[in-house]
Amino acid sequence: MKMWDGRFTKPSDALMESFNNSLPFDKALIEEDIAGSVAWANALERVGVFTPGERDHVVGWLKSILNDYNDGRIEFVPSDEDIHMAVERLLVERAGAVGEKLHTGRSRNDQVVTDTRLHTKKILTDIAVSLTELQRAAVERAKSDLHVIIPGFTHLQQAQPVLLSHYWMSMFAVLEREKSRAAHAAESTDILPLGSGAIAGSGFPVDRDAIAAELGFSRVSANSMDMVASRDFLLETLAAFASAGICLSRYAEDLIVWSSKEFGFVELDDAWSTGSSMMPQKKNPDSLELIRGKSGRLIGNYVRLATTLKGLGLTYFKDLQEDKEPLFDSARNLQMVIKVFTHVLLTLKVREDRIRQDLDPFLLATDMADYLVRKGMPFRQAHRVIGRLVGYCVEADAPLTEVPLAKLREFSEMFGDDVTKLYSWEQAVNSRAVKGGTGRESVIAQIEAAERILASEVGQYV
Ligand code: ARG
């Protein structure tokens, strides 16, 4: 028997019943469903649908259902087509006929999106907390690796020397933006749907502001049709999650490359690596590969929901039941991605000796061009002069920093004794003390700004 089968002359086909059933996944909403029902019972009491005694009775039994569920003492039955129907059935079984009043002036259409919004708010808070932990790990690394200079890459070709800490702080910076995307999604989610009914608004004059206050929503929806139809808050959430996943996949990729024998810049801790079933020597960076791989799933879940929504008229259609699994899946996986990355980062071994060996003198070519500019040569000319010098070094197989002054002066009269001052990685790095640059002072300023943000959770990191 179904709660809605009054007009039906025969039961659902068993296949239809299981096709329609969302309980296996939407039972994750039980806590929010019960919180929403408690707030609704209170609202109904204020408009006289429940007496205070009936309301207390119903609220007491609703809470008992949640306790029993948490203790593993709830048995669902095949006719429980979703968590909302299951809770209502259990309520009526426990509280008796008075439980049948609870759905007055409410629809599963406003109920389900209330539950989902409450749950999404919680998920977004949890993700933001984890992102902050990862930022903390990035700052920790930036502080302890402050003396390490690495070749910075463009096109995966050595470009200019940078502090490894500058690289770690880039992660802090982008994660600030990932967090602000999540915060914006949370703001879009923070609207109370209850009182919207099935489509037209509740037929009972419930105090929606009071319901919002009780459930912790900061705003009440302005239009009932919009509220039961819209899932843009979920799209925004999944887009924010996909963006965070894409961002972390790029750092994972770098560290995978850096941990190869060919680079050897870093070594992953054994606890965050795995071996091969066949090749005994292997130690694979599977943690990072999975972080990179999961970004595909996070993008997929966004596309999955966007595709469901595209072309869907107003207002509620059962298609919308497909909104929850992408949310749960992305939340669970992104949470793991962030946590694993935090551990990988904190346990990573930086192989300073290997990095130093790898620094190529050509990394200083831009500094040599800048040197000629300081002597008065226009930059384009300086670029050409150094370009020719580099060509000579390649041909002669001579390191850029070992070309004798006499030879340098064949390329430009402007070269003097002082050119050797350029031949230091520290000098190259520290000459970029501009705000946002890789100079030690600049990176220390970045770290200090980040620590202020982490300490107070306010401020802006651009
Ligand atoms: N299980 C449904 C969902 O997840 C609940 C809403 C059902 N509403 C309806 N009109 N059949 O969307």
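Colleague: Is aspartate 397 buried or exposed?

Modeller: The model is predicted, and the values are computed from it. In it, aspartate 397 sits in the loop between helix H15 (379-396) and helix H16 (405-411). Its phi is positive, about 55°, although aspartate 397 is not a glycine. The relative accessible area of aspartate 397 is 70%, and the cut-off is over 50%, so the residue is exposed.

Colleague: Where is histidine 155, and what is its relative accessibility?

Modeller: Histidine 155 is placed in the loop between strand S1 (149-154) and strand S2 (157-163). Histidine 155 is not a glycine, yet its phi is positive, near 60°. It counts as exposed, because its relative accessibility is 73%.

Colleague: Which residue does a cis peptide bond join to leucine 314?

Modeller: The omega of this bond is about 5°.

Colleague: How are H6 and H18 oriented to each other?

Modeller: Helix H6 (residues 108-144) and helix H18 (residues 440-456) have axes 11 Å apart and pack at about 150°. Their crossing is left-handed. The residues in contact include Arg136 and Val139 of H6, and Ile447 and Leu454 of H18. Angles over 145 degrees count as roughly antiparallel, so H6 and H18 are roughly antiparallel.

Colleague: Is asparagine 20 buried or exposed?

Modeller: Asparagine 20 lies in helix H1 (residues 14-20). Not counting residues up to four places away in sequence, asparagine 20 touches Glu81, Lys318 and Gln321. Its relative accessible area is 15%, and the cut-off is under 20%, so asparagine 20 is buried.

Colleague: Which residues does leucine 255 contact, leaving aside neighbours within four places in sequence?

Modeller: Leucine 255 is one of the core residues that touch the most other members. With those neighbours set aside, its contacts are Trp168, Val266, Leu288, Phe341, Leu345 and Leu348.

Colleague: How many disulfides does the structure hold?

Modeller: Cysteine 247 counts as buried, because its relative accessibility is 7%. Cysteine 393 counts as buried too, because its relative accessibility is 1%. The number of disulfides in the structure is zero.

Technical notes: Residues are numbered from 1 along each chain as its sequence is written. This is a predicted model: local features need pLDDT of at least 70, side-chain atom pairs count only at pLDDT 80 or more; totals for chains, interfaces and linings use all residues. Side-chain values use heavy atoms; hydrogens and water are left out. A nonpolar core is a set of buried Ala, Val, Leu, Ile, Met, Phe, Trp, Tyr and Cys residues joined through side-chain atoms within 4.5 Å. Buried means under 20% relative accessible area, exposed over 50%, partly exposed in between (1.4 Å probe, protein chains only). Contact means heavy atoms within 4.5 Å. A disulfide is a pair of cysteine sulfur atoms within 2.5 Å. Axes are lines fitted to C-alpha atoms, for helices over the stretch in contact, and angles run from 0 to 180 degrees between N-to-C directions. Helices (H or I, at least four residues) and strands (E, at least two) are DSSP runs, numbered from the N terminus. Angles under 35 degrees count as roughly parallel, over 145 as roughly antiparallel, 65 to 115 as roughly perpendicular and the rest as oblique. A crossing is left-handed if the near helix is turned anticlockwise from the far one by less than a right angle, and right-handed if clockwise.
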